[in-house]
Amino acid sequence: MQSTADANATDPLALAETWTREGRDVALATVVETWGSAPRPVGAHLVIDSEGNFEGSVSGGCVEGAVVAEAVEVISTKKPAMLEFGVADETAWRVGLSCGGRIRVFVEPVRRDPAPT
Amino acid sequence: MDIDLLSRFNAARTGRRPAILVTALDDAGKAQRLISPDDDLAGDPLAEEVARRFRSGKSGIVESADGTQLFLTVSVPPPRLVLIGAVHISQALVPMAQIAGFDVVVIDPRTAFATPERFPGGTLLAEWPEDVQDQVALDPYTAVAALTHDPKIDDAPLRAALAAGCFYVGALGSRKTHARRRERLLEAGVSATDFERLDAPIGADIGAASPAEIAVAVLANIIRALRKGPETAS
């Protein structure tokens with residue numbers, strides 16, 4: 001349908017593929033668990049490149065900054081990470097969800113290497 | 001995640017094919033696989049969970065037998081509504097269905113009806129339904145409502161919708177019209193069981209009188225079929 005092209009421009013999974021094919025180093029963040037009134041549902045994605053560019057949303061803006069910072073780390077180490085955010089979670093990130101919910105976010109690198117060169 | 005796996009997942013999503021990406025969260029994300037509804041999962045401990053997730057469309061964590069956490073990224077196509085007939089009911093039903101989250105397409109070969117003025121927003125195909133079946137592929141995540149009253153236009157897409165397993169298939173017309181439709185479609189090879197799936201007389205029984213009210217009634221039955229399964233349709 002005509003909306004598909006527009007949707008692809010901001011679809012994190014489509015962008016993760018496009019960016020990786022362009023040669024950028026990319027990580028994908030996914031909301032894997034929520035408690036309480038989390039702003040984005042389980043399965044929501046954020047795509048991040050090594051420069052800190054990102055598209056998508058895992059929390060409607062509350063913790064994206066922290067996820068992006070961690071994703072840049074994941075890209076350089078090539079090791080996935082599990083992040084957890086809650087209300088004013090000061091010890092871990094000094095960021096929190098104003099809505100009072102808690103979320104768990106899985107961040108993984110997109111690997112290019114097994115693909116034929 | 002491997003780029004090839006991501007490519008296959010994206011291809012399924014853009015092609016309106018359901019798919020589930022399984023990620024082992026404890027295993028540093030290394031063990032990932034893609035499941036399609038056609039895969040033979042006999043003996044797979046995830047089989048039941050996967051079938052449930054394909055129906056609900058909901059992503060989430062599953063504990064596997066050995067205690068490891070698996071994340072299922074579930075992708076099912078967004079529900080789509082195909083309306084046969086650029087008629088008055090459709091004019092009301094298009095915006096209602098769009099608000100409810102459906103991709104909506106209106107198909108009507110009669111150019112007097114199928115005008116952009118009557119259907120602003122680019123959802124209109126002024127073609128015979130048979131001629132656009134590649135463009136608007138019918139699938140189990142699509143609802144079809146035939147609203148023209150004209151068998152020459154309605155019958156073919158109704159047959160196609162039943163054959164494709166569309167989650168809702170409805171047809172406008174009186175009981176008498178519907179009885180004649182039954183004769184024609186059975187003659188054309190539709191099984192009696194498939195024919196019984198048709199929502200006719202169309203729409204929830206709320207005494208709808210105006211075209212807009214009929215649109216509400218039709219949308220109600222479409223949502224019921226989507227959320228509660230075809231077996232609960234009236």
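I began at A:Arg24, which forms a salt bridge with A:Glu22, the closest N and O atoms being 3.3 Å apart. The salt-bridge rule I used asks for a side-chain nitrogen of Lys or Arg within 4 Å of a carboxyl oxygen of Asp or Glu. This is a predicted model, so local features need pLDDT of at least 70, side-chain atom pairs count only at pLDDT 80 or more, and totals for chains, interfaces and linings use all residues. Residues are numbered from 1 along each chain as its sequence is written, chains are lettered from A and ligands numbered from 1 in the order in which they are written, and side-chain values use heavy atoms, with hydrogens and water left out.

**Entry 1: the A:Arg24 site**

A:Arg24 is partly exposed, at a relative accessible area of 27%. A:Glu22 counts as exposed, at 51% relative accessibility. My cut-offs: buried is under 20% relative accessible area, exposed is over 50%, and partly exposed lies in between (1.4 Å probe, protein chains only).

Which other residue does A:Arg24 bridge to? A:Arg24 also forms a salt bridge with A:Asp49, with the closest N and O atoms 2.9 Å apart. A:Arg24 sits in the loop between helix H2 (12-21) and strand E1 (26-35) of chain A, and A:Asp49 in strand E2 (residues 45-49) of chain A, so the pair ties together parts that are 25 residues apart in sequence. Helices (H or I, at least four residues) and strands (E, at least two) are DSSP runs, numbered from the N terminus. A:Asp49 is buried, with a relative accessible area of 2%. I noted that A:Glu22, A:Arg24 and A:Asp49 are linked in a network of salt bridges.

**Entry 2: salt bridges elsewhere**

I searched the whole structure and found 16 salt bridges over all chains. One of them joins B:Arg52 to B:Glu49, with the closest N and O atoms 2.8 Å apart. B:Arg52 and B:Glu49 are three residues apart in helix H2 (residues 47-56) of chain B, so about one helical turn separates them. Buried or exposed: what is B:Glu49? B:Glu49 is buried, at a relative accessible area of 17%. B:Arg52 is partly exposed, at 41%.

**Entry 3: the contact between the chains**

I turned to the interface. The contact (heavy atoms within 4.5 Å) takes 31 residues from chain A and 28 residues from chain B. The area buried between chain A and chain B is about 2100 Å², and carbon and sulfur atoms give 58% of it. Buried area here is the accessible area (1.4 Å probe) that two parts lose on being put together, summed over both.

How many salt bridges cross the interface of chain A and chain B? The rule finds one. A:Asp11 forms a salt bridge with B:Arg13, the closest N and O atoms being 2.8 Å apart. I also counted polar contacts: eleven residue pairs across the interface of chain A and chain B, both at pLDDT 80 or more. A polar contact is a pair of N or O atoms within 3.5 Å; within protein, one must be able to donate a hydrogen and the other to accept it, and residues adjacent in sequence count only if both atoms are side-chain atoms.

On the side of chain A that touches chain B, helix H1 (3-10), H2, E1 and strand E5 (102-109) of chain A each supply at least two residues. H2(A) gives the largest share, six residues.

**Entry 4: B:Gln69**

I found B:Gln69 in strand E4 (residues 69-75) of chain B. B:Gln69 counts as buried, at 19% relative accessibility. Its side chain makes a polar contact with the side chain of A:Arg104 (2.8 Å). Leaving aside neighbours within four places in sequence, B:Gln69 is in contact with residues including A:Arg104, B:Thr23, B:Asp26 and B:Glu63.

Chain B has seven helices and nine strands. Buried residues make up 50% of its 234 residues. The C-alpha trace of chain B spans about 60 × 35 × 30 Å along its principal axes.

Not counting residues up to four places away in sequence, B:Phe102 touches B:Leu81, B:Ala97 and B:Ile222, among others.
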